[in-house]
Structure formats: structure tokens, C-alpha cells
Amino acid sequence: KVPKSVTVNGQTYATDSWTNVPASIVALTDRQLHLDQNHPIGILRSLIENSFKGMGYTFYNNFKPVVTTFENFDVLGFPEDHPGRSKSDTYYINEKTLLRTHTSAHEHECFQKCSTPGYFISADVYRRDEIDRTHYPAFHQMEGARIWSRSELGDSLHEKLRQDIASIPKVDIIVEDPNPAFSDATNPKQSYMTDVETELVSQHLKRTLELLVNQVFNEAKKSAKLAGSEEPYLNEPLRVRWIEAYFPWTAPSYEIEVWWKGEWLEVCGCGVVREQVLTNSGIENTIGWAFGVGLDRIAMLLFGIPDIRLFWTLDERFSSQFTRGSITTFKPYSKYPGTTRDVSFWLPDTDKLPLHENDLMEIVRDTAGDLVESVKLVDQFVHPKTGRKSQCYRINYQSMDRSLTNDEINVYQEKVRDILRSTYEIELR
Ligand code: PHE
């Protein structure tokens, strides 16, 4: 079933027992939506980059998505048994090569080659995941990082950090329960850094991200107002809060959340870069931070886009609505009805799951492509006598661009059932 080789961005790779990337996913690697100045993802990227021009950052936007397991996991200190490494979560080209699951895969290379104090990386990233309005196997991230060399700055290190913090434009924003830079119990600092260094690097990181989210969400407010919304929060300063987080390659680690439409929205993970990431890149005696922000969900808010699949449509009724440099609210060109079909099956009476949920998602995605709006587990029970487990998934077939016929849907549904029947040890009901 696995082809002998896989070609991605013109480069051919030998496959092996790890290969699990379908042709439909490989096809997405040529789209480069973040480079399209007239696409919401590209417009958002430029908007953020523009607010950091002249502040000491290099912008990298052309990294190809195939990376090694070393770059994506090992160099960042992911433990061997981290779930992110599993075949059910990640698209492998072969045992040692994969489609990056995050832009952090390029930290190693950027720390090595970057000649400015900081950098931004924007790129498409890939994860095997569920199917719904906000999840797509390909999405976009923007990574940022900044470093200070102790050997170069010597005694003026603290002074320089304080100056750099002071030079970040102040924003009118409410920062709720600002959390401490580190805590020995839950969010420890690294032993190679002093308390003051950790404090100052964290402050620079936090002020930088507050500037970023303020910029982005002010645009979102403007566009909501232009679209006629009169919600009171649109005229109030943005509320954000910092919480503790965990990433294998940063310590301490944080997340920033933004109060948006009545709930806290997770926006961005970040932290103080671990020494070993820097020394692995040939950088000694240096301290710094890194963050990674997902662009797709923010672009959905900014442009009022109801379904993440729309980013990938080639329909001109979508693409014609967006132009470089401007945030406009998407006008749905039509709403086509969805049709649901259920698929139910018995799992064998063993501990080992024969079918991971993400495998099912992929079969559906591979069969019906973007004609699937969502796949949800709607029922699950254990037979009282046999102990066998039954699951029922509901597939909603719905196109963003046209009406689907029942006959067409039946063909997809039958195909999904056929693949399940012939590939997995399950009994369809
Ligand atoms: N790569 C992380 C993610 O995908 C985000 C991150 C980047 C966190 C850099 C810390 C530092 O969630």
C-alpha cells in the first residue's frame, strides 16, 4: 500500500514502515498560503511582520516543510516517548524524515545562521488531527526568538536588557494577574541563568507578545466594528493574561491568553530557551526567548471566516474577497447544506486499539477530501456480555463551494466503509 518513494517540493525520499503521509497531504505542501499577499494567512503574516520591522529581527518565510526527526524533536529535547512523535499524530515520510509539526523545527538552523539578535519564521505545519471547523491537517505558525550574548555584553548585559525592554512600544492593554517569571515548584528557571536574567528575558518576551497580540486584536476589533458589531468590548482596551506552560525546550514557559467574545482564547506558547538548544546550535554563553503562534485561528477571527477549509479552497468567490494589507470581513457566498452519515463498528476484544481516531479521520479525509465538514464520535458502549466495544462516528458531508448529491455522498460513505473493512480488524455494523 505504501509507495516506494514520496516526492515533496521536488525532492524524492525513500519510504519505509514509518511512512504514513498520503498524497492528498503532500499536495498541500506546494500551496504556500503564507506567501500569498492576497490571502488572509499572508495578510496576517505581513501585518505582524510590519509591526516588528526595524527592531532587530530577520524574517524567514521560505523554509520547506520536510525536516528530520532531529530538527523537529531531538534537538528540542522531546523525550523518546513523547506522544508528538507517534505515527498517529505526525506525518512521517520515513523513519528519520517528517512534515514539521511546528516551526520550532527551524530554531536550530536559525540560531546557527541568524546575524540579527532575533528572527521570525512563518511556515505551513502539519499534524494528524480530528476533523472539524477549526482543525485542518495543515495550518500555519509564526515563530519568534531573541537572544543576548553574555560574552559580548559582559557587565552591560542587564543594562542592555533593560534598554531593549524600554524600547518596545507601550500598548494600552490590561494585563490580568501577571504571573511570576518563574516558580521553583511549577515553572522552574534554568540553573545556568540568574534570577535577574530570567526575570529580564521573561519581561522582554512578555512585552513583545503583548505588542503582537494588541496589534492583531485591535485589527480584529476594527474589522468587527466595520462589519457592524456594537459589542461594548470592542471599545475597551484588550485584556490578556499570562499562565504557566510546559515545552521541552523552554524553561520557564508561558502562554498568553486573550479575552475575546466572553472567553479566554489561548493564543501563543513561549518561554526562555533552554541552554542546550543554543549550545547545540553553536551558541555559547547566551540567553534568550522563543514563541510560536498559530496563524489560522487568528485569521479566522480577523476575517470572520467560519470554516478553516475555506483557506484552502481555490474558489474565486473566496480569493477575490481579500487584498494585500487590508482586513475585511468575509461575506459567505453561499451556504450549502450538509448531510450526515453514521459509521458504526465493533472493536476487537483486545487492549490494543486496532484503529486510532486519527486513522479514521484520515481515511475520511483521503476519501472525500474537503467535502467533509466534521467527524464526531457520537456513541460508544461496551457490550455487557461479550465485553466488546462499539463506536459510532457521524460524518458531516458538506461542501464550501457547491451542493452535494446523495448519490455522490453514498459513494464516499461506501468507500470509507470498504477501506475500514479491508484494513482494520473491526466489524462494521
Ligand atoms: N512550537 C510550540 C507549539 O507548536 C510553540 C512554542 C514555540 C513554544 C516556541 C515555545 C517556544 O505549540
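Trainee: How many nonpolar, polar and charged residues make up the shell around the ligand?

Mentor: The model is a predicted one. The shell around the ligand comprises 4 nonpolar, 6 polar and 1 charged residues.

Trainee: Which residues surround the ligand?

Mentor: They are H102, S104, E143, F247, T250, G269, C270, G271, A290, F291 and G292. Two elements, β12 (263-273) and β13, each give two or more residues to this shell.

Trainee: To which strand is β13 joined, and in which sense do the two run?

Mentor: Strand β13 (residues 286-294) is joined to β8 by 9 bridges, and the two run antiparallel.

Trainee: How should I think about the side chains of a strand, and how many residues of β8 are buried?

Mentor: As a general idea, side chains in a regular strand alternate between the two faces of the sheet. In this structure, β8 (residues 138-149) is mostly covered, with 11 of its 12 residues buried.

Trainee: Which domains does the assignment give?

Mentor: The domain assignment gives domain 1 (31-65 + 100-319) and domain 2 (339-428). Their contact takes 13 residues from domain 1 and 13 residues from domain 2. On the side of domain 1 that touches domain 2 there are 4 nonpolar, 1 polar and 8 charged residues.

Trainee: How far apart do the C-alpha centres of the two domains lie?

Mentor: The C-alpha centres of domain 1 and domain 2 are 36 Å apart.

Notes
Residues are numbered from 1 along each chain as its sequence is written. This is a predicted model: local features need pLDDT of at least 70, side-chain atom pairs count only at pLDDT 80 or more; totals for chains, interfaces and linings use all residues. Domain bounds come from an automatic or database domain assignment. Two residues are in contact if their C-beta atoms, placed from the backbone, lie within 7 Å. Ala, Val, Leu, Ile, Met, Phe, Trp, Tyr, Cys and Pro count as nonpolar, Asp, Glu, Lys and Arg as charged, and the others, Gly among them, as polar. A residue is buried if 20 or more other C-beta atoms lie within 10 Å of its own, exposed if 12 or fewer, and partly exposed in between; C-beta atoms are placed from the backbone. Helices (H or I, at least four residues) and strands (E, at least two) are DSSP runs, numbered from the N terminus. Two strands pair if DSSP finds at least two bridges between them. A residue is near a molecule or strand if its C-beta atom, placed from the backbone, lies within 6 Å of it.
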